[in-house]
Amino acid sequence: MSILEDSKTRVNESRAARMKEERALLSPEDKDALIRKFHPDYKKEAYRTIQIGPNQGEQTVHELANLLEGKSPIASEAVSLSPQHQVDLLIIGGGGAGATAALTAKAAGANVLLATKLRLGDSNTVMAEGGMQVAVSAEDSPVRHFLDSLRGGYMKNDPALLKTLVEEGPEVAKWLMDIGVLFDREADGNLSIRGGGGSSKPRLLRCKDYTGLELMRVLKDCVLNEQVELLEFSPIVELLTDGEGACTGAVLKNLDNNQFIVVQAKAVILATGGIGRLHIQGFPTSNHYGATADGLPIAYRAGAKLTLQDTFQYHPTGAVYPEPMAGILVTEAIRSVGAQLVNVKGERFINEMETRDAVASAVIRECAEGRGVETSAGRRGVWLDMPMVDIVNAEGTLAHRFPNMVRQFSRYQIDIQKEPVLVYPTLHYQNGGIQINVDGESTVRNLFVAGEASGGIHGRNRLMGNSLLDIIVYGRRAGRAASKRATEIALGKLTLAHLDQFREAQKKAGVESKTVSPMLFPDYVKKN
Amino acid sequence: MSHSDSQSSLIRIEVDGAEHPVPEGITVIQAMWHLGRPTIHGVGCLGGVCGACPITYRLPDQPASKTGLACQTAVREGMAITFIPSDSSKKAIALLPKEAPTQKTLFQYYPETRRCTACRACTSVCPQEIDVMGGVRAAINGELATVAEKFTTCVMCGLCAAVCEVQIKPHRVGMYARRLTGAFYPKEATSLLHRIEEVRSGKYDAEWRELLSGDLSALAHDRVM
């Protein structure tokens with residue numbers, strides 16, 4: 001019997017005893033010590049000082065610092081800035097935040113253009129499995145939701161942003177239901193809710209384990225029905241400013257003919273999403289193909305300040321085996337309904353409902369200290385005891401509530417109803433991002449940001465289910481505020497003056513970057 | 001990226017009529033990268049939920065072609081692969097009605113649904129193993145909730161519409177039935193409506209004031225579970 005099969009047997013054999021085991025949450029001191037020792041955010045050599053720009057002197061990971069200090073793909077003198085499009089509002093990004101902003105702005109009467117790197121809907125939103133946190137039950141409240149999220153974020157959340165997030169949750173859930181989002185319901189018509197790590201009450205609204213897909217399908221359908229003007233396969237490559245610090249438009253690139261597209265807009269909303277495809281510290285990722293943090297270097301060059309740019313979420317349970325699934329998420333909801341994490345010896349090692357950073361740190365610890373399981377491809381991981389879900393709840397629970405998980409593994413002849421799966425942390429979310437106020441406006445006038453590209457709402461660790469809420473709440477707020485702004489101002493002058501200033505700063509600081517940013521796509525293509 | 005060539009043996013696949021060696025155990029998308037082909041169209045989430053990468057493929061021992069998602073299909077010896085364009089963002093407008101839907105609501109936008117010949121082609125190509133034809137039949141019978149349930153896991157790849165001989169767009173019918181079901185759900189979510197009212201009426205204002213005027217950091221380790 002192979003080591004892998006042998007270890008799997010131990011998982012099966014220890015199940016009955018483990019099921020009875022009560023495991024307390026870590027004390028604050030123990031949790032802190034665990035995270036400081038094993039969480040990737042605390043790995044000093046992965047970080048460096050940012051040498052130029054609004055966050056000069058602060059730290060972030062090498063992968064992001066290189067992009068922030070990177071070169072623009074545009075030579076100032078080589079591009080004509082006469083606009084092909086003139087609109088009230090340019091929205092960059094076709095995920096949940098961008099689509100929501102577009103719908104809100106359109107309803108407010110703004111003339112909207114939505115540009116996106118791939119197709120409308122291609123985003124991290126569509127991949128979200130677990131749900132959306134909204135305090136709906138009688139024993140729960142928005143204040144409790146606030147406190148859970150604040151503690152989860154290590155008190156580093158911007159309180160005003162977070163208060164707005166939790167307070168608008170119920171209203172936003174209603175809005176989604178009104179446009180046809182079909183959340184799971186109880187027999188009495190109430191929304192079905194369940195718990196998530198770090199949350200003191202169950203408050204996850206969901207659509208099986210396809211919550212993000214459900215939201216994105218409906219939002220996309222609405223954007224198409226509303227006939228929002230679309231530019232697909234047209235990522236942003238640079239912002240345009242009036243030379244006096246305000247944003248006035250953007251340069252996009254048509255991926256099919258490599259031509260630049262100049263857009264003049266009264267306001268711009270960046271909804272460019274996350275960062276997973278940078279593979280920070282070599283981690284696999286659960287993210288979409290286009291999650292290359294494009295909005296960050298672009299906004300940074302235009303003068304926007306970042307916040308919490310040094311903290312990332314490594315989801316504790318990314319698939320490790322089979323190899324084609326490496327990095328793919330195994331939803332946290334599986335743990336919230338009873339699946340335990342088990343090491344090579346068949347032992348449990350953490351309360352599965354700790355926050356994501358603590359659980360991820362514990363998995364890394366097990367593997368670092370030789371209690372992990374190695375695959376033939378050289379990856380390490382621990383077991384997630386999937387069959388427990390059906391045993392603890394009822395037979396058929398996995399099939400009924402997690403059809404996506406069952407299907408994905410079954411494509412590789414793995415029946416998660418009968419056997420455990422191997423997992424290891426996967427790069428999942430950018431906790432920080434571009435600093436915004438409650439209207440979603442960045443420190444650059446007329447430049448708004450919504451969704452994962454923004455920072456401050458989630459502090460140093462986002463709770464499960466708060467990102468789907470974030471994209472809708474702040475997509476709406478940015479859409480509303482930016483359309484209002486558009487009624488108050490005229491189209492501005494189009495310049496690349498900020499690029500000239502940035503280049504000067506690079507020269508002064510002696511920064512000679514070889515990196516061109518934004519990255520647009522990860523470099524997976526083999527050079528023959 | 002994540003796949004290593006060194007440890008796995010090579011197999012041969014056929015792309016656009018030409019044979020190529022690729023490592024065993026990788027997905028069709030990863031095989032494209034391995035062959036030096038950049039992917040922009042025909043790639044999306046890489047997690048099997050966005051529907052950007054439908055393919056058709058044939059295996060040497062099976063005469064009939066199969067369909068799948070390139071990011072979810074592992075390469076096999078002798079596999080011949082063709083990418084299919086993903087579903088277009090162009091679609092007919094289908095708005096939600098003001099009043100609760102009737103059997104006719106769906107046909108107003110998707111009249112061709114009634115032409116279904118029960119050929120089952122749509123079901124046979126669905127990478128999500130949805131009972132697509134059953135969904136279409138339920139739509140014809142006006143059973144919107146059944147349609148909605150059947151299309152829960154639809155990734156909108158559009159393969160079903162591509163093979164329909166009478167131009168039904170089952171994925172769009174499913175989507176519309178789901179939206180109708182969601183927007184006109186037969187029972188109210190009373191707890192949610194109650195909470196919205198509480199927030200509006202200022203029930204939490206005093207608690208917020210007290211909380212935000214104090215020292216938030218004092219609450220850091222005060223865990224209520």
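Predicted model: local features only at pLDDT ≥ 70, side-chain atom pairs only at ≥ 80, totals over all residues.
## Other salt bridges, within and between chains

Side chains of opposite charge can pair when their charged atoms come close. Over all chains, the search of the whole structure returns 46 salt bridges, and one of them joins Lys8(A) to Glu419(A), with 2.7 Å between the closest N and O atoms. This pair links distant parts of the chain, since Lys8(A) lies in helix 1 (residues 3–20) of chain A while Glu419(A) lies in the loop between helix 14 (403–410) and strand 16 (421–430) of chain A, 411 residues apart. Is Lys8(A) buried or exposed? With a relative accessible area of 13%, Lys8(A) is buried, because the limit for that class is under 20%.

A further salt bridge, at 3.2 Å from N to O, brings together the side chains of Lys91(B) and Asp221(A). Here the pair crosses between chains, running from the loop between strand 5 (80–83) and helix 2 (103–109) of chain B, which holds Lys91(B), to helix 8 (residues 211–225) of chain A, which holds Asp221(A). Both of these residues, Lys91(B) and Asp221(A), are buried. Elsewhere, a network of salt bridges links Arg365(A), Glu366(A), Glu369(A) and Arg371(A).

## An open sheet of three strands

In chain A, 3 strands with mixed pairing make up an open sheet, arranged in the order 11-17-19. Strand 11 (306–307) and strand 19 (454–455) of chain A stand at the edges with a single partner strand each, so that one side of each is left without a neighbour in the sheet. Strand 17 (residues 433–435) of chain A runs parallel to strand 19 of chain A and is joined to it by 2 bridges. Within this pairing, Ile434(A) has Ser454(A), in strand 19 of chain A, as its bridge partner.

## Nonpolar cores

The largest nonpolar core has 224 residues, and the residues with the most contacts inside it are Leu90(A), Met132(A), Leu176(A), Ile334(A) and Ile13(B). Helix 15 (residues 466–488) of chain A gives the most to this core, contributing 9 residues. Which residues does Leu90(A) contact when its neighbours within four places in sequence are left aside? The contacts of Leu90(A) are then with Leu113(A), Ala115(A), Ala250(A), Val263(A), Ala265(A), Ala267(A), Val268(A) and Ile269(A). Another core, of 9 residues, lies apart from the largest one, and among its members are Ile74(A), Val262(A), Leu496(A) and Leu499(A).

## Aromatic pairs and a cluster

A pair of aromatic rings is described by the distance of the centres and the angle of the planes. The count comes to 10 aromatic pairs over all chains, including the stacked pair of Tyr289(A) and Trp33(B), with 5.7 Å centre to centre and 15° between the planes. Because Tyr289(A) lies in the loop between strand 10 (260–270) and helix 9 (295–301) of chain A, and Trp33(B) in helix 1 (residues 28–34) of chain B, the pair joins two chains. Tyr289(A) is buried, with a relative accessible area of 2%, and Trp33(B) also counts as buried, at 1% relative accessibility. Together with Phe521(A) and Tyr524(A), these two residues, Tyr289(A) and Trp33(B), form one aromatic cluster.

The rings of Tyr109(B) and Tyr176(B) have centres 5.4 Å apart and planes at 85°, and the pair is therefore edge-to-face. The pair links distant parts of the chain, with Tyr109(B) in helix 2 of chain B and Tyr176(B) in helix 7 (residues 170–183) of chain B, 67 residues apart. Tyr109(B) is partly exposed, with a relative accessible area of 24%, whereas Tyr176(B) counts as buried at 1% relative accessibility.

## Charges over rings

In chain A, the charged end of Arg462(A) sits over the ring of Tyr429(A), 4.0 Å from the ring's centre. In chain B, Arg114(B) lies over the face of Phe107(B), at 4.4 Å from the ring centre.

Definitions and conventions:
Residues numbered from 1 in each chain as written. Chains lettered and ligands numbered in written order. Heavy atoms only, no water. Salt bridge = Lys/Arg side-chain N within 4 Å of Asp/Glu carboxyl O. Helix = DSSP H or I, 4+ residues; strand = E, 2+ residues; numbered from the N terminus. Buried < 20%, exposed > 50% of the residue type's maximum accessible area, 1.4 Å probe, protein only. Pairing = 2+ DSSP bridges. Core = buried A, V, L, I, M, F, W, Y, C linked by side-chain atoms within 4.5 Å. Contact = heavy atoms within 4.5 Å. Phe/Tyr/Trp six-rings, centres within 6.5 Å; stacked < 30°, edge-to-face > 60°. Lys NZ or Arg CZ within 6 Å of the ring centre and 35° of its normal.
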